[in-house]
Amino acid sequence: MKIVYGVQLTRTIDMNEVMTYNRDLYRMFDDVLSKGIERGEFRTDLPRVVLTRHFVMAIRGLSYEWCIRYPDFDLKQEALAHFKLLLTGIQTRA
């Protein structure tokens, strides 16, 4: 991860495949959010593309924290807690 972040900052290597919004990571989050919206589980007043980008930012932030705080950072535990918080924020209110 350290190398990937460094290369992205210096742009010494073409990183379009890592940085594009068409990557599998974006598609995965977009698919999950789309299904939740279709089922009425998630709010519809927020654009799905915006939500997708925020979820990707969250996973990147978690990855960064894990890199700099390892071994004192439980990635799985923190990811579950963080995404539960995010999902609660976009749930529809019944």
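Start with Phe55: apart from its neighbours within four places in sequence, Phe55 is in contact with Phe29, Leu33, Phe83, Leu86, Leu87 and Ile90. Several of these names return in the largest nonpolar core, which has 13 residues. Phe29, Leu33, Phe55, Leu62, Phe83 and Ile90 are the members of that core that touch the most others. Helices H3, H4 and H5 each contribute at least two residues to this core, and H4 gives the largest share, with five residues.

The protein chain has an average pLDDT of 86, and 82% of its residues score at least 70. Among the elements of the chain, H5 has the highest mean pLDDT, 95, while helix H2 (residues 16–19) has the lowest, 57. Where pLDDT is low, predicted coordinates should not be read in detail.

H3 runs over residues 24–38, and at 1.5 Å a residue its 15 residues should span 21 Å; the C-alpha atoms at its ends are 21 Å apart, so expectation and model agree. Which residues of H3 are buried? They are Tyr26, Phe29, Leu33, Ser34 and Gly36. These residues cover an arc of only 160° around the axis, and therefore they sit on the same side of H3. Helix H4 (48–69) and helix H5 (75–90) are included in what covers them. On the face of H3 turned away from this buried side are the exposed residues Asp24 and Glu38. Just after H3 comes Gly40, with a positive phi of about 80°.

The structure contains four salt bridges. One of them joins Arg27 and Asp24, with 2.3 Å from N to O. Because Arg27 and Asp24 are three residues apart in helix H3, about one helical turn separates them. An α-helix has 3.6 residues a turn, so residues three or four places apart point the same way. Asp24 is exposed, because its relative accessible area of 55% is over 50%. Arg27, at 42% relative accessibility, counts as partly exposed.

A salt bridge also links the side chains of Arg48 and Asp30, at 2.6 Å from N to O. Arg48 belongs to helix H4 and Asp30 to helix H3, so this pair ties together parts that are 18 residues apart in sequence. Arg48 counts as partly exposed, at 35% relative accessibility.

Glu65 is partly exposed at 28% relative accessibility, and Arg69 is partly exposed at 39%.

What follows is the loop between H4 and H5, where Pro71 is found. Which kind of peptide bond joins Tyr70 and Pro71, cis or trans? The bond is cis, with omega at about 5°.

Methods. Residues numbered from 1 in each chain as written. Heavy atoms only, no water. Helix = DSSP H or I, 4+ residues; strand = E, 2+ residues; numbered from the N terminus. Expected span 1.5 Å × (residues − 1). Buried < 20%, exposed > 50% of the residue type's maximum accessible area, 1.4 Å probe, protein only. Arc of directions from axis to C-beta. Contact = heavy atoms within 4.5 Å. pLDDT = per-residue confidence, 0-100. Core = buried A, V, L, I, M, F, W, Y, C linked by side-chain atoms within 4.5 Å.
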